[in-house]
Amino acid sequence: MALSRASFAFSQGPFASKGTPRTDKIKHLQNANSLSSTNNRWSISSHQTLVSTPFKDYIHPTGKRNFAVEDDIRGWHERSLEEVKQLFKQVRGDSLESLVMVDALQRLAIDYHFEDEIEALLQRHFFISTSQSHSHHIDADNLHGTALRFRLLRQGGYPIPSDVLQRFLYKMNDGTEKGKPQDNDILGLVSLFEATHLGTEGEDVLYEIGESIGQRLHASLADLDHLQARFVRNSLGNPFHKSLARFTANDFLRNSMGHPYSWTKNLGELAQLDMNIVRSVHQREILHISNWWKDLGMAKELKYARDQPLKWYMWPMAILTDTGLSQERLLVTKPISFIYIIDDIFDVYGTIDDLTSFTDVVNRWECTEKDNIPEYMRMCFHALDDITNEVSSVVYKNHGWNPLCSLRKTWASLLNAFLVEARWFASGHSPTTQDYLDNAIVSSGVHVLLVHLFFLLGEKIDPQSIDLLEKTPEVVSSTASILRLWDDLGSAKDEFQDGRDGSYVECYKEEFQGASDEVARDHVKKMISEAWKRLNKACLYPHPFTKSFTKASLNTARMVPLMYNYDDNHSLPLLEHHMKSLLFGDHSF
């Protein structure tokens with residue numbers, strides 16, 4: 001139902017014919033929580049969990065932070081950053097080397113220190129690539145350079161046409177570049193494959209290129225050495241545009257920093273120092289969130305709801321990568337937690353009558369003694385009111401705009417969508433796939449998340465942007481579609497599902513009688529691909545939102561596969577791996 005949902009976990013098809021008694025739901029949740037350590041793994045319980053130990057073991061074994069060491073590292077970081085900035089200035093701005101350096105900065109997740117420099121360089125390359133008269137310093141036959149420039153410009157929001165890549169497709173199709181790639185082809189082919197993930201609607205040529213190159217690279221794996229094969233597999237499995245650099249920077253630092261440029265070592269040193277600072281910042285933020293969640297008391301009141309503040313914090317940690325956005329990460333974790341908690345209230349606790357009354361309370365944004373709702377719903381609403389007021393107060397203080405009405409409105413929309421699904425579930429109604437997805441775009445919780453982020457980032461807040469945002473523009477709806485469809489596609493179950501949950505796949509099979517599970521799943525995969533194309537287009541200039549907001553939307557979509565990659569033990573091993581590597585590595589303060 002929401003960012004990570006327990007929706008319809010007890011139905012016998014897309015939606016149950018008579019619903020499931022609350023006692024059976026709670027029994028199922030008790031069994032799920034006792035059989036799986038997933039909930040504890042992300043909780044702040046008194047057990048020996050990842051949340052309760054990192055600060056003692058990794059930050060300050062003596063109980064005190066070592067400020068001298070921290071200051072030393074920050075001093076080294078400042079000097080290293082200045083050195084790299086000087087090296088950046090020395091690189092010729094229209095050269096292939098300049099693009100390779102930008103790519104390395106992005107892959108090492110330190111590009112946020114160079115936003116102005118990178119923007120100026122991309123503007124120059126866009127002018128070069130679209131100018132007929134300007135001298136080009138990248139050979140038109142240089143596959144790696146042409147594909148890298150295309151990808152970096154598209155990622156930066158520049159609408160460079162895809163026909164610059166078509167000539168390479170023609171060369172492969174006419175036989176001039178068929179057969180097994182040579183060593184000097186691998187980098188170019190991988191760059192071209194990476195570039196195809198920036199396609200938009202109507203750019204079928206990029207899809208064709210991606211399919212052709214992907215097959216060719218797969219076929220070449222047996223003939224590559226170990227390092228080349230790992231490089232190709234990483235690209236095929238995790239194309240950069242759809243990955244989170246913060247989680248993959250370590251691998252790039254260890255395995256892919258073999259550029260024959262003088263600045264390579266300097267970038268590696270800066271990246272290592274930056275990782276230490278980032279780790280320290282996130283550890284302190286987790287301690288803050290843990291204390292807030294414990295003091296809130298919701299985990300005690302709702303014993304069978306999810307108690308996973310560390311997992312919830314992983315969303316803003318991945319979405320907002322600038323270390324200077326600590327306040328924003330802390331604040332947005334709070335509404336994220338309530339998306340999960342209210343989701344569980346609808347799925348586990350509430351009767352239809354109670355849920356209807358609760359939804360009415362949120363729509364009116366008023367809870368009086370006359371409202372006949374359970375005490376835990378009252379507690380939830382008052383806590384929701386508190387965090388909404390807190391966010392609004394901070395936004396007004398920092399940016400001079402009070403978003404209270406907009407935030408209340410987006411919460412009301414979320415609960416209205418939750419209630420639609422709850423009524424489908426209770427009545428056994430099977431919606432059409434279109435009705436299901438239209439409602440799911442709202443019930444995914446993505447709109448609530450991105451509306452909060454829009455105001456917290458505080459850029460270009462005006463009546464026109466707010467009006468557009470409230471109408472769920474493509475940059476929001478495509479991200480929400482990716483999340484919900486990926487969730488529904490998941491072959492593994494999350495910690496609250498028993499494999500019979502309603503989903504787009506089930507609705508598709510119900511609507512199109514005779515369609516197999518494989519056909520339905522293939523259809524969903526195509527829809528995810530199309531949603532990515534719409535998101536890519538929504539992030540190209542001109543668009544009504546700032547680059548920081550479109551990047552937040554992209555990072556939300558990039559986080560989705562990690563949040564839904566459950567294994568047979570109802571765990572998220574890949575997410576846990578990244579979390580441990582980023583937060584509890586060997587180089588903390």
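A nonpolar core is a set of buried Ala, Val, Leu, Ile, Met, Phe, Trp, Tyr and Cys residues joined through side-chain atoms within 4.5 Å. Buried means under 20% relative accessible area, with a 1.4 Å probe and protein chains only.

This model is predicted: local features need pLDDT of at least 70, side-chain atom pairs need pLDDT 80 or more, and totals for chains, interfaces and linings use all residues. Residues are numbered from 1 along each chain, and side-chain values use heavy atoms, without hydrogens or water.

**Overall**

The protein has 27 helices and 0 strands. Both are DSSP runs numbered from the N terminus: H or I of at least four residues for helices, E of at least two for strands. Of the 589 residues, 58% are buried. Contact means heavy atoms within 4.5 Å. Among contacts between residues at least 6 apart in sequence, 76% join residues at least 24 apart.

**Cores**

The largest nonpolar core has 114 residues. Trp-315, Phe-358, Trp-411 and Met-559 have the most contacts inside it. Helix α16 (residues 326-349) gives the largest share of this core, 13 residues.

Phe-358 touches Ile-342, Ile-345, Phe-346, Ile-373, Met-377, Cys-380, Phe-381 and Leu-415, leaving aside residues up to four places away in sequence.

Axes are lines fitted to C-alpha atoms over the stretch in contact, and angles run from 0 to 180 degrees between N-to-C directions.

| Helix pair | Angle | Axis distance |
|---|---|---|
| α17 (residues 352-364) and α19 | about 165 degrees | 9 Å |
| α19 (residues 404-427) and α21 (residues 446-457) | about 170 degrees | 9 Å |

Angles over 145 degrees count as roughly antiparallel. So α17 is roughly antiparallel to α19. The α17 and α19 crossing is left-handed, a term for a near helix turned anticlockwise from the far one by less than a right angle. From α17, the contact includes Phe-358 and Val-362; from α19, it includes Trp-411 and Leu-415. Its residues divide into 10 nonpolar, 4 polar and 1 charged. Here Ala, Val, Leu, Ile, Met, Phe, Trp, Tyr, Cys and Pro count as nonpolar, Asp, Glu, Lys and Arg as charged, and the others, Gly among them, as polar.

Helices α19 and α21 are therefore roughly antiparallel too. Ser-406, Leu-407, Thr-410, Trp-411 and Leu-414 in α19 meet His-447, Val-448, Val-451, His-452 and Phe-455 in α21. This contact has 6 nonpolar, 4 polar and no charged residues.

Technical notes: Parallel < 35°, antiparallel > 145°, perpendicular 65-115°, else oblique. Buried < 20%, exposed > 50% of the residue type's maximum accessible area, 1.4 Å probe, protein only.
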